[in-house]
Amino acid sequence: MSEDRDGESAAVVDCGSLVVLTAGMSGQHGKDVLYSLLLAQLVADRKYKRHADPVRWYESYGETLERIGWVVEEHEGFSRHRPREGPYGVPSLVRETFSRFADDATVNGAEAAVRALAAADPAGRAAELFEQRTHFERAGAFQVGVAEEVGGGGVGGRGVGGVGGGVVVVRVGRVWFRGVDDGTGLVRLLHAEFRAADEVVRGAQVLHLNEDVHGPLRDEIAEKLGARVEVLIAPVAPVGG
């Protein structure tokens, strides 16, 4: 991932997550977000199967993030998704999930990223990676995150060593699902249409990065991830200015 940003928000597939890095985020803080979310997923994957035991998978995921310096500001526990109408796809699911804890710009950015990924070449690295990592047969779990760098002060707000001077905040919509209705096709999650009988559960968190905790761990995290960064992180497309 480049240290330079071009002023646009960018969508990135990060293993089984889709992450929006908003305009104005420094290159180092973008890496912090992507590497942290990747590490949390890989640690959880070693312990549990996300499609078979999503509750404990998410517990492990959250524990890793907290251990490496991510502080939970807001938390919405998991609850059954009950749509206003159906069938419904991942874009509308993400919109409704984010609308509960984010402003319109964040909601729109999250949905736009999902739609951009759904429209991407299914044989391309980003779409293929997301589909492979988020589900097995008719069950799975995925995350959509929107990360921004806020202000120039506060917790962890330093502008040294190439690190941006603002506080990094990530809003994460967390989903797990199990297809029950025989009419729900889940070969490609991004084009699935869920029905009322399907078990779709959602939750959300707002996290900020504590620079004092995370900063000394950066090199260790990068070393642990190693070559997996190039394999498990894939850009999608710009998603707006």
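**View 1. Right-handed crossing of helices α1 and α2.** In this predicted model, α1 and α2 cross with right-handed geometry. Helix α1 covers residues 27-47, and helix α2 covers residues 54-67. Their axes come within 8 Å. The crossing angle is roughly 140°. Angles over 145 degrees would count as roughly antiparallel; α1 and α2 are therefore oblique to each other.

**View 2. Residues at the α1-α2 contact.** Helix α1 contributes S36, L37, L39, A40, Q41, V43, A44, D45 and K47. Helix α2 meets them with W57, S60, Y61, T64 and L65. By class, the contact of α1 with α2 has 8 nonpolar residues, 4 polar and 2 charged.

**View 3. The aromatic pair W57 and Y58.** The whole structure holds 9 aromatic pairs. W57 and Y58 form one of these pairs, and its geometry is edge-to-face. The ring centres of W57 and Y58 lie 5.1 Å apart. Their planes stand at 90°. Both W57 and Y58 are buried. W57 also belongs to the α2 side of the contact with α1.

**View 4. The aromatic pair Y58 and F78.** Y58 also pairs with F78. Here the ring centres are 5.0 Å apart. The planes make an angle of 45°, so the pair is tilted. Planes over 60 degrees apart would count as edge-to-face, as in the pair of W57 and Y58. Y58 lies in helix α2, whereas F78 lies in strand β3, residues 70-80. The pair therefore ties together parts that are 20 residues apart in sequence. Y58 has 2% relative accessibility, so it counts as buried. F78 has a relative accessible area of 31% and is partly exposed.

**View 5. An aromatic cluster.** Five rings are shown together: Y88, F130, F142, F177 and F194. These residues form one aromatic cluster.

View 6. T106 sits in helix α4, which spans residues 104-119. Its relative accessible area is 10%, so T106 is buried. The cut-off for buried is under 20%. Leaving aside neighbours within four places in sequence, T106 is in contact with F98, V146 and R171.

Notes. Residues numbered from 1 in each chain as written. Predicted model: local features only at pLDDT ≥ 70, side-chain atom pairs only at ≥ 80, totals over all residues. Heavy atoms only, no water. Axes fitted to C-alpha atoms, helices over the stretch in contact; angles between N-to-C directions. Helix = DSSP H or I, 4+ residues; strand = E, 2+ residues; numbered from the N terminus. Parallel < 35°, antiparallel > 145°, perpendicular 65-115°, else oblique. Left-handed = near helix turned anticlockwise from the far one by under 90°. Contact = heavy atoms within 4.5 Å. Nonpolar A, V, L, I, M, F, W, Y, C, P; charged D, E, K, R; others polar. Phe/Tyr/Trp six-rings, centres within 6.5 Å; stacked < 30°, edge-to-face > 60°. Buried < 20%, exposed > 50% of the residue type's maximum accessible area, 1.4 Å probe, protein only.
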